[in-house]
Amino acid sequence: MVENSELRKAGLKVTLPRVKILQMLDSNQQRHMSAEDVYKALMEAGEDVGLATVYRVLTQFEAAGLVVRHNFDGGHAVFELADSGHHDHMVNVESGEVIEFFDAEIEKRQKEIVIEHGFELVDHNLVLYVRKKK
């Protein structure tokens, strides 16, 4: 459970909209939410937070390192809490569903490839675009 102390540690003032949005990101079954998803979920929960506020708060959370923004091809930005370790993503091109995965062998091979080319790995983001097999 994300707490108000997370906001303070990130240098953000604890405000009701920030708390509500952070709680929504933390408690929602869907780990990857667009600003619109967050807004709709807040509306369904009876919370009075405007869409512009959701966008502004998510941008503040990203700058503070509380969330990570992903811009997957063919879609809009989605956000996830920056509370988990490294993982990669699969995006279902038909449904838009985002699936997280981690594969030690893929991670190892990526590092080897970087070294083989004379580089040092600083960061990476692997996204696989998939659809259900017919």
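Two strands count as paired here if DSSP finds at least two bridges between them, and strands are DSSP runs of E of at least two residues, just as helices are runs of H or I of at least four, both numbered from the N terminus. What we are looking at is a predicted model, in which local features need pLDDT of at least 70 and side-chain atom pairs count only at pLDDT 80 or more, while totals for chains, interfaces and linings use all residues. Residues are numbered from 1 along each chain as its sequence is written, and side-chain values use heavy atoms, with hydrogens and water left out.

Let me begin with the sheet. Strand 3, residues 88–92, pairs with strand 4 in the antiparallel sense over four bridges, and Asp88 has Phe101 of strand 4 as its bridge partner. The open sheet holds three strands in the order 4-3-5, with mixed pairing; strand 4 (98–101) and strand 5 (127–130) are its edges, each pairing on one side only. From one strand to the next, the twist averages 25°.

Now to the helices. Helix 3, residues 35–44, packs against helix 4, residues 51–64, at an angle of about 125°, their axes lying 9 Å apart. That angle makes helix 3 oblique to helix 4, since angles under 35 degrees count as roughly parallel, over 145 as roughly antiparallel, 65 to 115 as roughly perpendicular and the rest as oblique. Axes are lines fitted to C-alpha atoms, for helices over the stretch in contact, and angles run from 0 to 180 degrees between N-to-C directions. The contact, meaning heavy atoms within 4.5 Å, is made by Ala35, Glu36, Val38, Tyr39 and Leu42 of helix 3 and by Leu51, Val54, Tyr55 and Leu58 of helix 4.
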